[in-house]
Amino acid sequence: MKKLFKMVAALTALCFLGIFQTAQAKDLTGELEIFSWWAGDEGPALEALIDVYKKEHPGVEVINATVTGGSGVNAKAVLKTRMLGGNPPDSFQVHAGQELIGTWVMADRMEDLTPLFEEQGWMSVFPEGLIKLIGTDKGIWSVPVNIHRSNVMWYIPSKLKEFGIEAPKTWDDFLKVAPMLKEKGIVPLALAQNWTANHLWESVALASLGAKKWDALWSGELAFDSPEGVAVWELFGKVLEYTNDDASSLSWQQATDMVVDGRAAFNVMGDWAAGYLSTTKGLAPGTGFGWEASPGTGGEFMFLADSFGLPKGVKNLDNAKAWLVTLGSKEGSDAFNPLKGSISARTDSDLSKYNDYAKSAAADFAKDTIVGSLAHGVTANEGFMNDFASVMEMFLKSKNAQMTAKAAQQIAVKNGIAK
Amino acid sequence: MAQVKLNNVVKNYGNVKVVHGADLLIDDSEFIVLVGPSGCGKSTILRMIAGLETISGGEIVIGDQVVNRVSPKDRNVAMVFQNYALYPHMTVRENMAFGLKMAKEPRDIIEKKVNQAAATLELGPYLDRKPAALSGGQRQRVAMGRAIVRQPDVFLFDEPLSNLDAQLRTQMRMELKKLHLQFKTTTIYVTHDQIEAMTLADRIVILKDGYIQQVGSPIEVFERPANVFVAQFIGNPPMNIIKGKCTRVNGAMTLVAGDLSLQLPEDKYQDIAEGKSVLIGIRPDGIKVRDVEHRIREEWRKEATVNVAEILGGQSLLELNISNNRFIAEVEGRMKLHPGDKVTVGFELDRVVLFDPETTEAIA
Amino acid sequence: MREVSRDRIKAFLTLLPSIVLIGIFVYGFIGNTIWISLTDWGGVAALAEHPVKHFIGIQNYVDLFTGFLEGRFRQDMVNAVFYSVSLLAGAVGLGMFIAILLDRKPKGEDFLRTVFLYPMSLSFIVSGTIWRWMLAPQGGVNILPTYAGFKPLTFKWLSAKTTVLAFNWQNLLQIGLYLVAVITIIIGFIVYRNSRSKSVKWLAIGALSGLTAWIGGDMLPKALILEEIHGFNLATLGIIMATIWQYSGYTMALYLAGFNGISQDLHDAAMLDGASTSAYYTHIAIPMLKPITISAVIILSHISLKMFDLIFSMTGPDNAETGHPALNMYLTTFRANEFARGASIAIVLFLLAATFIIPYLITQYKQRRTR
């Protein structure tokens, strides 16, 4: 019996390997439909990636199906209706982590990519912490194409000099200088519409809890309404006092503008802000604008990643697999990321192609503790994220840490994160 | 109640003049009818009196007030429209009360006045209906009721009967007349129907192309029309008009038209220039066929050939050829005649009217 | 007879395709949505190829109105009510006002009519984006006074945190009773002029429910365990303004067409009856256009209940101050994957819209019967 099982397992593995090998060997034809929300600034990066794919597989006609709309709200809805209707695209963009796992893996809609990872040797080129977060005990579910960092605090060095302060290392440091800034009529920390509040919250929470307890929170070992959980909201409430009160009508770019104009001192935003500051605002990384890990999170890299997965029952399986291979390849990822303003998930990428910010981020990514982002779909499923928006609203309105922590625990239970 | 005076009233629409200096004095309690073909300016004059049109020149006086710049609501006039203009969303009661309500009369007085008017017009059973649930005649009464309740100085009627069928029209005409006798309110009534004009009016004003043609009592305008237009507009069938000449025959002034010659009565048109061309106007009922011998002087009797004969119940219409002139005659009684029949006719030449062929005005 | 029946068959055959399509795609799907709303479809495996659904009765609805975590839905409902009422009052009022101005036939009436109607032709996404810029805290509307030398406004059109007319959702029953009392008493006074006995009935109902609410007070059952404050968020003012801007041109067109349809004689008759211009409109023209007002109210009310794109483009998905049930439905369904919960929100909205439309249809039907 055991023997038989082993044989079947081996055969299955062989089969998989076989398929992947044939996928490599065959001259591919037909179509490949890629579904994403990369239409705006990210469009050229995606085009570059598609060009790499086309060079390798000239016989495949690539259909670039994009649905616009910030952070993919609309694209995800379209994708869901397509999947429910039994018409999955060959490969689709999804935030790596629980956003993929909670929605699609739990519903048994994805193929396990472990054989692909092994075959391509990705197990060693992607950081171990990353692979853990994009997989479950049953497999690995997507190929990450880029890495962004969430816990970054941005500032303008010349302005800080003017204000006579330095970038705070901890939130305590921040809370020390903040009243002084506020007195001068400068907003200590620029905030934008509501999702940026979630974004700030995760940086504050990571600082308050540390990487271990942060992970414990998401594995259900630490309750949201534990004393540590409540402390997060208390700290968050204190930080919020030093943010602008028109936040919810600003876009994140407008909040960043406040920092550039000197109306605000700092801004916590993901590292896509680097692209905005250098390209749109024309500031030089390091001198024109500066950055630090957000207070209290030095040595921790809170990541988010876009990735592509392989839905079950696609029409052009071979083409889709070849696409995933391109995504994970060094060539593909180094074509895409410099344009997107992100870093490669591979630890062996060619850093000469990247700008100064990316180089420093890549260095951190290689050595820091890697944790997942909540606001961008790594640590919690979509149900939790949706409910968390309401919890955040509750806090913004009531400023009641105890009650909010309770509510957060309730939604964690409801969404299967805590017991 | 009030007198209405029009002094040289003019109305232009841009460069188009539609009323050319109308002068008219309407006495207190008078029933005056403005009549004329469409486009003659009669409705415009009425609307200027009502204040619904601005006055381009001249002045209108109601009572002793010049009203040129007075808004309609302050003129104390009431108007009945051709299509009644009832407020469709209000009941009969509300329609009639609306003017009083606008005048802020106390509620019980409104109630009383409306009920009175409704009784006069026999509208009692319909007070709570909406106009859509009424017949044409009933709507007409409501429109009148709405005018009556306000006890205005002047009633204005704009072709109020023309949407009714013939029978109802005659009946309502009578009632209108009765109402006027009862209330004695100065009334200005616009119509294109000369029968309404003849039956209702104390005086008729005949208009054409924005000019007043004649003002006079119904008999006056019928018997002594001021010009060919009035002669043909008033009376149905219209007056016979034929071209002729005045000549003295045996010392007597005689009208000659082709082979026809008619001696004028001794008291008429004797000072007319001899040989003058004239238009001869003879009313159809001024040509007699029956009892001619008894009624008509001999020199006014002629031989005629019947072209067509129509019997209209009590009367007959004949188209006659009299010495190569075509005449229409309206004859009492049923005349059973056939084309080609010869009859003797008599002209009531004491009623003849002569017109100047150049100006078409009547010759004095 | 035979001719008639053949005509009927032809008519039926012509209508058949649309009957079938509407049957399936409208009523079938409404039924399906109702069914889904009575299940527990949602959560982690919601998007499985054959998702497991259990029948749970009206639990979703109970949760929506009383569940601890659905406070957001309740605020959205409150928003929707205030939003609808303000939109109706604003768009009907402003549209009527502009129509009256244009009905006075000013110079360039045609041009002005197009100007006022134009916003209608914009997509909500476009106008929403424009208004978002206009209402930005440091721009647009707020800096208008500076052109006249005044201080700029500081009102946060889309992010004000102030709530007025706040009430505790716990006391929903009591508030409802008070509302009933106020409305029935008002009806009672209106009816008084026509029929005393009916009026007394209305007044009695009003007094009774008012008394129950007043005396019953704390003894009335609570809708929630915890206190939960909802009210009219001033942040929705910006959205209300934008919607009124977009729709008043439409109501203007409706009213203008209606005013043009009123015969000149009626206007003249009213003038002679002593009505001023304003009395003409209040007593004659506007009451005569009651059917237009009713259709405008119905169209606008269900537009406001379905409003999505404008709010989405103005304040984004997670701005509870300006939230709307339609937005909530979309996010609950397609972001949180709670399909059953989303369906129940959809059905609540559907029923709300029906409360506007069904009475209208019934009166229309009755009118046609009596005609």
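Modeller: The discussion below takes the chain interfaces and then a sheet of chain B, and it concerns a predicted model.

Colleague: Which pair of chains has the most contacts?

Modeller: Two pairs of chains touch, and the most contacts are between chains A and C. Chain A and chain B do not touch, their nearest C-alpha atoms being 49 Å apart.

Colleague: How is the size of an interface expressed, and what is the buried area between chain C and chain A?

Modeller: The size of an interface is often given as the accessible area lost when the parts come together. Between chain C and chain A, about 3100 Å² is buried, and carbon and sulfur atoms give 56% of that area. The contact involves 32 residues of chain C and 33 residues of chain A.

Colleague: How many salt bridges and polar contacts are found between chain C and chain A?

Modeller: Polar contact, with both residues at pLDDT 80 or more, is counted for seven residue pairs. On the side of chain C that touches chain A, the elements giving two or more residues are α3 (71–103), β2 (229–233) and α14 (325–334) of chain C. The most comes from α14(C), with four residues. By class, this side of chain C has 17 nonpolar, seven polar and eight charged residues.

Colleague: What is the corresponding account for chain C and chain B?

Modeller: About 1700 Å² is buried between chain C and chain B, with carbon and sulfur atoms giving 65%. Chain C supplies 18 residues to the contact and chain B supplies 22 residues. Two salt bridges are counted between these chains. Asp268(C) forms a salt bridge with Arg47(B), in which the closest N and O atoms are 2.8 Å apart.

Colleague: Which elements of chain C give two or more residues to the side that touches chain B?

Modeller: They are α10 (264–272) and α11 (277–288) of chain C. Of the elements there, α10(C) gives the most, with seven residues. This side of chain C has ten nonpolar, four polar and four charged residues.

Colleague: Let us turn to the sheet. How do strands pair, and in what order do the four strands of chain B stand?

Modeller: Strands of a sheet pair through backbone hydrogen bonds, either parallel or antiparallel. In chain B, four strands form an open sheet in the order β2-β1-β4-β5, with antiparallel pairing. The strands β2 (16–26) and β5 of chain B stand at the edges with a single partner strand each, so one side of each is left without a neighbour in the sheet.

Colleague: Which residues illustrate the individual pairings?

Modeller: Seven bridges pair β1(B) with β2(B), and the partner of Val9(B) in β2(B) is Ala22(B). Strand β1 (residues 4–13) of chain B is joined to β4 (residues 57–62) of chain B by five bridges, and Leu6(B) stands opposite Ile60(B) in β4(B). Two bridges join β4(B) to β5 (residues 65–66) of chain B, where Val61(B) has Val66(B) as its bridge partner.

Terms used: Residues numbered from 1 in each chain as written. Chains lettered and ligands numbered in written order. Predicted model: local features only at pLDDT ≥ 70, side-chain atom pairs only at ≥ 80, totals over all residues. Heavy atoms only, no water. Contact = heavy atoms within 4.5 Å. Buried area = accessible area lost by both parts, 1.4 Å probe. Salt bridge = Lys/Arg side-chain N within 4 Å of Asp/Glu carboxyl O. Nonpolar A, V, L, I, M, F, W, Y, C, P; charged D, E, K, R; others polar. Pairing = 2+ DSSP bridges. Polar contact = N/O pair within 3.5 Å; in protein donor to acceptor, adjacent residues only side chain to side chain.
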